[in-house]
Amino acid sequence: MSVLALSMFNGLALGVLLFLVATGLSVTYGLMGVLNLAHGALVMMGVYLTFALVSQHISFGFALLAVSVAGCLLGMGMSGALKPLVRASELTQALFTLGVAFIVIDVIHAVFGTGFHSVRPPGFLDQSIDLFGASYPAYRLAVLVFGALVAAAVTIGFERSTFGAVLRAAVQDRDMVEISGINVRRMFTVAFVLGTGLAFLGGALAAPILSAGPGLDHQMLLMSLVIVVVGGLGSVRGALCGALLVGQVQTVGVAFADELAPYLLFATMGIFLVLKPSGLFGYASARTAH
Amino acid sequence: MAGPSFGVRRLEVSGPPLLVLKAALPVALLVVLFALPYLVPVFGIVMVSSALILGLLAAALNIVVGYCGMVSIGHGAFFVVGAYASALFFVHSGAAAVVGLLAATVAGGLFGACFALVAQFVRGGYLVMLTIALLQVVASLVETFEGVTGGSDGLTVPTPTVLPGWGDLSSLVARYWFLVGAVAVCLLLLYGVVRAPLGRSFQALRQNEARLECLGYQVLGIKTVAWTVSGAAAAYAGCLSAVNHQLVSASDVSFQNSAMPLLVLCIVGTRGLLPAFAGALVIVLVRDQMAPYVLGRQILLLGCLFVVAAYLFPGGVSWRSVREAAGRLRFLVRGRRS
């Protein structure tokens with residue numbers, strides 16, 4: 001397998017992970033207009049929780065489940081804390097979510113230190129397998145398959161279920177949905193809980209690939225923001241396409257233009273903001289967004 | 001001022017006594033600041049210097065946030081551009097401080113104008129995202145060109161003279177006096193911009209952009225000018241930081257440093273430029289004096305401060321907001337009233 005094919009395959013795995021991480025941010029931002037700048041810190045918390053559980057010799061599968069549940073609980077708390085700020089100014093919202101990010105990051109650093117910790121994948125996946133004549137880590141392949149299944153479930157749920165339909169309607173026109181007698185604030189809570197749970201799951205799955213260390217929060221937040229811009233506000237389909245694109249940009253970019261890699265991501269973001277501000281599948285445009 | 005006023009001009013009660021008071025206050029403040037080295041110990045001077053630099057950065061940010069209503073989290077980027085632009089002049093050509101200030105202002109202004117090319121198209125949360133990206137791009141640039149910027153080791157800045165061949169800045173007190181003078185000059189210029197018709201159109205931009213456009217104003221042009229002015233002033237503050245701390249490093253481009261002026265604005269509100277300095281003094285006191293004793297962790301304390309400020313004082317600290325905050329706290333303690 002050539003270098004290009006290999007890095008594209010890596011990009012696919014990264015893209016699937018990024019979809020899990022970013023989709024909650026996109027939907028909740030589209031729903032209530034509160035940009036959660038603590039999202040990256042929350043994902044980082046998921047990665048560190050996985051490290052903590054796995055290093056206590058708890059099985060990886062159980063760790064995935066526990067971390068996702070912890071994410072849901074945290075999402076419930078966070079959405080409750082954000083509710084009074086829905087009508088506040090952007091300055092206030094940004095300040096609050098940044099504050100939460102700082103608190104989370106500093107607590108993590110206080111508990112785990114500022115070193116890097118690597119997480120070993122579960123035993124039966126801790127090996128390389130033969131893939132089209134090249135050896136490839138089995139864990140990445142498993143992540144790709146598992147992540148793709150979860151992503152498909154989320155996308156189908158969002159596009160086909162009644163709850164998904166109401167969510168999509170609320171992203172497009174919140175007032176109209178509220179007039180129809182639907183409690184949008186409760187939906188916001190549910191979306192936030194599911195979104196944070198997915199982000200934690202993404203972080204837990206990513207833990208053996210990206211090691212737990214400082215700076216992970218910025219990386220995750222930035223990639224999520226680029227995905228929201230590329231995919232369009234509040235669109236799960238858009239988040240999927242955006243995540244796959246960002247995954248390719250990150251891996252193929254690093255493989256072929258190492259020095260340019262950090263700028264390629266923002267170039268993508270800038271191009272979309274200027275040429276297609278509503279993103280691939282977004283309803284609201286960046287020019288009129290909230 | 002000719003043309004419509006959009007109702008942004010406040011009704012001002014100004015007779016001769018009030019005018020005298022308004023002029024006397026800044027002058028008195030300036031006199032106190034200049035006399036400070038005779039009144040407080042050295043460490044007080046260091047604190048006030050940090051507060052002045054942070055205050056100027058917050059005032060520059062307020063041009064964009066408070067006047068134009070565009071939230072930026074990445075103003076640290078302009079600050080760092082100014083710091084590096086002037087530091088390179090100081091290091092390689094031994095330039096005077098005034099030359100460094102000019103270089104920083106021009107660099108920051110150009111950088112702001114370039115950023116406005118993209119930023120003028122977006123607003124709201126998208127603009128917040130874009131400014132975060134800006135900060136990250138500058139951080140990456142600093143790392144990529146490690147040979148020029150010194151990377152995370154930073155660049156040690158030699159002490160410049162005020163003018164070529166005149167004005168020794170090697171003592172702490174001399175640097176402090178230069179800082180006070182430079183901040184006063186910059187603030188005067190900023191007030192010139194804000195009080196001019198252009199400044200009024202900044203406010204109109206915040207209040208009703210569509211109406212401003214309907215009246216025939218070039219909204220995109222006004223936004224570009226706002227970013228240019230704000231970027232130039234932030235870069236000016238960056239140059240002052242380089243002169244004062246004699247070090248510029250990659251750690252200056254952090255999220256924490258960039259969020260600090262936002263916190264200042266959240267505490268003092270977004271009206272006017274002078275209150276930012278009071279807020280900056282409070283922040284510096286908390287950051288450098290309280291943090292070692294409370295919790296022992298600076299970032300954690302700042303995070304808590306952010307959260308509390310956002311909850312209790314969404315529009316800045318004033319008598320009204322304090323009363324409201326007290327009411328909200330009472331509500332929390334007592335629970336929901338029927």
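A search of the whole structure finds 3 salt bridges over all chains, a salt bridge being a side-chain nitrogen of Lys or Arg within 4 Å of a carboxyl oxygen of Asp or Glu. This is a predicted model, in which local features need pLDDT of at least 70, side-chain atom pairs count only at pLDDT 80 or more, and totals for chains, interfaces and linings use all residues. Residues are numbered from 1 along each chain as its sequence is written, chains are lettered from A and ligands numbered from 1 in the order in which they are written, and side-chain values use heavy atoms, with hydrogens and water left out.

Let me begin with chain A. The side chains of A:E159 and A:R237 form a salt bridge, at 3.4 Å from N to O. This pair links distant parts of the chain, 78 residues apart: A:E159 belongs to helix 5 (residues 138-160) of chain A and A:R237 to helix 10 (residues 236-256) of chain A. Helices here are DSSP runs of H or I with at least four residues, numbered from the N terminus. A:R237 has a relative accessible area of 40% and is therefore partly exposed; buried means under 20%, exposed over 50%, and partly exposed in between, with a 1.4 Å probe and protein chains only.

I turn to chain B. B:K223 and B:E209 form a salt bridge whose closest N and O atoms are 3.4 Å apart. B:K223 lies in helix 10 (residues 219-245) of chain B and B:E209 in helix 9 (residues 209-214) of chain B, so the pair ties together parts that are 14 residues apart in sequence. Is B:K223 buried or exposed? B:K223 counts as buried, because its relative accessibility is 2%, whereas B:E209 is partly exposed at 21%. B:D288 and B:R287 also form a salt bridge, with the closest N and O atoms 3.2 Å apart, and B:D288 is partly exposed at 30% relative accessibility.

Next, helix packing. Helix 6 (residues 162-172) and helix 8 (residues 184-206) of chain A pack at an angle of about 110°, with their axes 11 Å apart. That makes helix 6 of chain A roughly perpendicular to helix 8 of chain A, a term covering angles of 65 to 115 degrees. The axes are lines fitted to C-alpha atoms over the stretch in contact, and angles run from 0 to 180 degrees between N-to-C directions.

Finally, the surface. A:M8 lies in helix 1 of chain A, and at 39% relative accessibility A:M8 counts as partly exposed.

Technical notes:
Helices (H or I, at least four residues) and strands (E, at least two) are DSSP runs, numbered from the N terminus. Angles under 35 degrees count as roughly parallel, over 145 as roughly antiparallel, 65 to 115 as roughly perpendicular and the rest as oblique.
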